[in-house]
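Subject: Structure handover

Hi,

Here is the structure for you to look over. My notes on it follow below.

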Amino acid sequence: SLYQAMSGGIDWRDLAEPLVESISPIQGFVMVLYVAFTVLALSNVVTGVFVEGALKTAKQHEEAFMVERLHELFEKTDVYRTGRINTEQFRERFNSPDMREYLEQMNVNPEEAASLFHLLDADGSGSIDYD
């Protein structure tokens, strides 16, 4: 009966009325509170699952966009089309307005460019392989 009340199979009044008339008005009130609480809790959980999924998808799309944008910036910087950017090319590109804009979008402080380069230069070769 409680499942049917929560899912809309039985009207709450049909369940609460016998409790109020035959047992106690308090029992009917408790039943109505229980069903209302359960329905709200269930809808909250379902909403949370959908919101979490939407946020996860949005974050994945944002990360993919950022990686694509960074790849485009590195391709513009690599004038010799070697697939690698050295320290000098990175510094030159770093001073450009589009690179500063990109770094601001990533919440990277422009003064931390050297640190960013060393972070991206995982093998310590003095160049970044962006392919």
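Which hand does the crossing of α3 and α4 have? It is right-handed. Bear in mind that this is a predicted model.

Some more on that pair. Helix α4 covers residues 87–94, and its axis comes within 10 Å of the axis of α3. The two cross at roughly 110°. That makes α3 roughly perpendicular to α4, since angles of 65 to 115 degrees count as such. On the α3 side, the contact is made by L73, F74, K76 and T77. On the α4 side, Q89, F90 and R93 take part. By type, the residues of this contact split into 3 nonpolar, 2 polar and 2 charged.

Now α3 with α5. Helix α3 takes in residues 25–77, and helix α5 takes in residues 97–105. They pack at an angle of about 160°, and their axes are 11 Å apart. An angle over 145 degrees counts as roughly antiparallel, so α3 is roughly antiparallel to α5. The crossing of α3 and α5 is left-handed. From α3, the contact uses M66, V67, R69, L70, L73, F74 and K76. From α5, it uses D98, M99, Y102 and Q105. The residues of the contact of α3 with α5 come to 7 nonpolar, 1 polar and 3 charged.

Is L103 buried or exposed? Its relative accessible area is 1%; under 20% counts as buried, so L103 is buried. Leaving out neighbours within four places in sequence, L103 is in contact with F94, V108 and L116. M66 is 37 residues from L103 in sequence. In space, the two are 10.0 Å apart, C-alpha to C-alpha.

Then the chain as a whole. It has 6 helices and 2 strands. Starting at the N terminus, the order of elements is α-α-α-β-α-α-α-β. What radius of gyration does the chain have? The value is 30 Å, whereas a compact globule of 131 residues would have one near 14 Å. The C-alpha trace spans about 90 × 25 × 25 Å along its principal axes. Of the 131 residues in the chain, 26% are buried. Take the contacts between residues at least 6 apart in sequence: 52% of these join residues at least 24 apart.

Best wishes

How values were computed:
Residues numbered from 1 in each chain as written. Predicted model: local features only at pLDDT ≥ 70, side-chain atom pairs only at ≥ 80, totals over all residues. Heavy atoms only, no water. Axes fitted to C-alpha atoms, helices over the stretch in contact; angles between N-to-C directions. Helix = DSSP H or I, 4+ residues; strand = E, 2+ residues; numbered from the N terminus. Parallel < 35°, antiparallel > 145°, perpendicular 65-115°, else oblique. Left-handed = near helix turned anticlockwise from the far one by under 90°. Contact = heavy atoms within 4.5 Å. Nonpolar A, V, L, I, M, F, W, Y, C, P; charged D, E, K, R; others polar. Rg over C-alpha atoms; globule rule 2.2 N^0.38 Å. Buried < 20%, exposed > 50% of the residue type's maximum accessible area, 1.4 Å probe, protein only.
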